[in-house]
Amino acid sequence: SPEGCAEVYPYQFRVVPYYRNTNLMQWNPNHLTAQHFKSFTDLIYFNVGCDTEGNLTGQNNAQFLNGLDKLKNLRGTAGSKIILGVAHCDGGLTAFTGNAEKRRQFAYQLVSFAREKGFDGIDIDWEYPDNGTEWYNFCLLLGEVRSAMGASGMSLSAAINPYYLAPTSEMMDLLDFVNVMSYDRAGQHSTYPDMLTDIEAIRRKNIPDCKIVVGLPFYTNETRSNRNWDAQKGYSNVVQLYPNIAPGTDLCAIDGQQHYFNGITTIKKKCQYVKTQKLGGVMIWCYDGDLLLTHAKSLAKAMYSIIKQQAVR
């Protein structure tokens, strides 16, 4: 992290779940427990957004704020960080990040809100900067956010698509880590070989291994070429449909279509590679798609058998 801006990270590997307020409070309210906070390191809580004028949006959503209180209560005295997620803001970020005053305005609003509500960091998921100019403007925005953070100790991260475009070295000087979205490819959307390809693509951008946090999918995608993105299912739905599914199975049929997902064996294999290579850790989209942690077929349980919260000695 830039000197004086963020604290030295206390764990060997990051375990970074994304968690949506709709699932936390509405769709699956009993999934997350205090036990989870003893195993992951940084939870990214979705989400706030922005408009085309550079104003923060979604910060006054009652369900979102009540969910934050719930997260803090579940965390208790565990060392896990709760990070504010800025989600899928392509239209707004494309519109205003070329304007210096609007960049400063948004950064100020974002960091002020994060500080007021006690977040430990900020994660920005821009899907996606489409060209060099937008990546340059994104870098300038990150600089404004980092400047607004000052010496608060807050972390700054971003989600990136490795087979689309990747951050510059200047951006990486501003980021504590990047969440590599190693999923959503055509066909079988998140295979082990594809993960290796994504990691090498990121490394070629001179991103240090310690900042590479590799994305694991806890959901399915159709394998057909004209994929219906709305047909994605959480991993828990797979096990509900196929309660005896084998750990090495990554394909199943749902509503007459073939779906690909990462089963227990694939998740463990990916985590072992991250651990052996001493990368920054793993990210999960989306953690709320898993089974209960007590379930024998839980992907999180499989993941924690390889990588878990472990303090640096």
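Here are some numbered notes on the model above.

1. First, the ground rules. This is a predicted model, where local features need pLDDT of at least 70, side-chain atom pairs count only at pLDDT 80 or more, and totals for chains, interfaces and linings use all residues. Residues are numbered from 1 along each chain as its sequence is written, and side-chain values use heavy atoms, with hydrogens and water left out.

2. Overall build. The protein has 10 helices and 12 strands (DSSP runs numbered from the N terminus: H or I of at least four residues for helices, E of at least two for strands). Its radius of gyration is 19 Å, close to the 20 Å that the globule rule gives for 313 residues, so the protein is as compact as a globular protein of that length. That radius is taken over C-alpha atoms, and the rule is 2.2 Å times the number of residues to the power 0.38. Along the principal axes, the C-alpha atoms fill a box of roughly 55 × 40 × 40 Å.

3. Burial and surface. Of the 313 residues, 54% are buried (buried is under 20% relative accessible area, exposed is over 50%, partly exposed is in between, with a 1.4 Å probe and protein chains only). The accessible surface comes to about 13,000 Å², and 48% of it belongs to carbon and sulfur atoms; the areas come from the Shrake-Rupley method with a 1.4 Å probe, and for residues only the protein chains shown count as cover.

4. Contacts and charges. Take the contacts between residues at least 6 apart in sequence: 74% of them join residues at least 24 apart (contact means heavy atoms within 4.5 Å). As for charges, the mean positions of the 30 positive and 30 negative ones are 8 Å apart. Lys and Arg count as positive and Asp and Glu as negative, while His and the chain ends are not counted; each charge is placed at NZ of Lys, CZ of Arg, CG of Asp or CD of Glu.

5. The cores. The largest nonpolar core has 83 residues, and L32, I122, Y287 and M303 have the most contacts inside it. (A nonpolar core is a set of buried Ala, Val, Leu, Ile, Met, Phe, Trp, Tyr and Cys residues joined through side-chain atoms within 4.5 Å.) Helix α5, residues 132–149, gives the most to this core, with seven residues. Apart from it lies another core of 15 residues, among them I44, A87, Y219 and C286.

6. Beyond its neighbours within four places in sequence, Y287 is in contact with P17, Y18, Y19, H31, L32, H36, F40, F218, A300, M303 and Y304.

7. Two cis peptide bonds to check. One joins F46 and N47, with omega about 0°, and N47 sits in strand β2, residues 42–50. Another joins W285 and C286, with omega about -10°; C286 is in the loop between β12 (281–285) and α10 (299–304).

8. D290 sits in the loop between β12 and α10 too. With a relative accessible area of 3%, D290 is buried. Leaving out neighbours within four places in sequence, D290 is in contact with N28, H31, F218, Y235, S236, S298, L299 and A300. The C-alpha atoms of D290 and N73, 217 residues apart along the chain, are separated by 21 Å.

9. K278 has phi near 60° and lies in the loop between α9 (264–277) and β12. D255 counts as exposed at 71% relative accessibility, and K278 counts as exposed at 64%.

10. S155 belongs to strand β6, residues 155–160, and counts as buried at 10% relative accessibility. Not counting residues up to four places away in sequence, S155 touches I83, D120, G121, I122, M149, D176 and F177. I122 turns up again here, having been listed among the residues with the most contacts inside the largest core.

11. Finally, L65 in helix α2, residues 62–75. This one is partly exposed, with a relative accessible area of 22%. Setting aside neighbours within four places in sequence, L65 is in contact with Q59, N60, F113 and K117. L65 and H88 are 23 residues apart in sequence and 19 Å apart in space, C-alpha to C-alpha.
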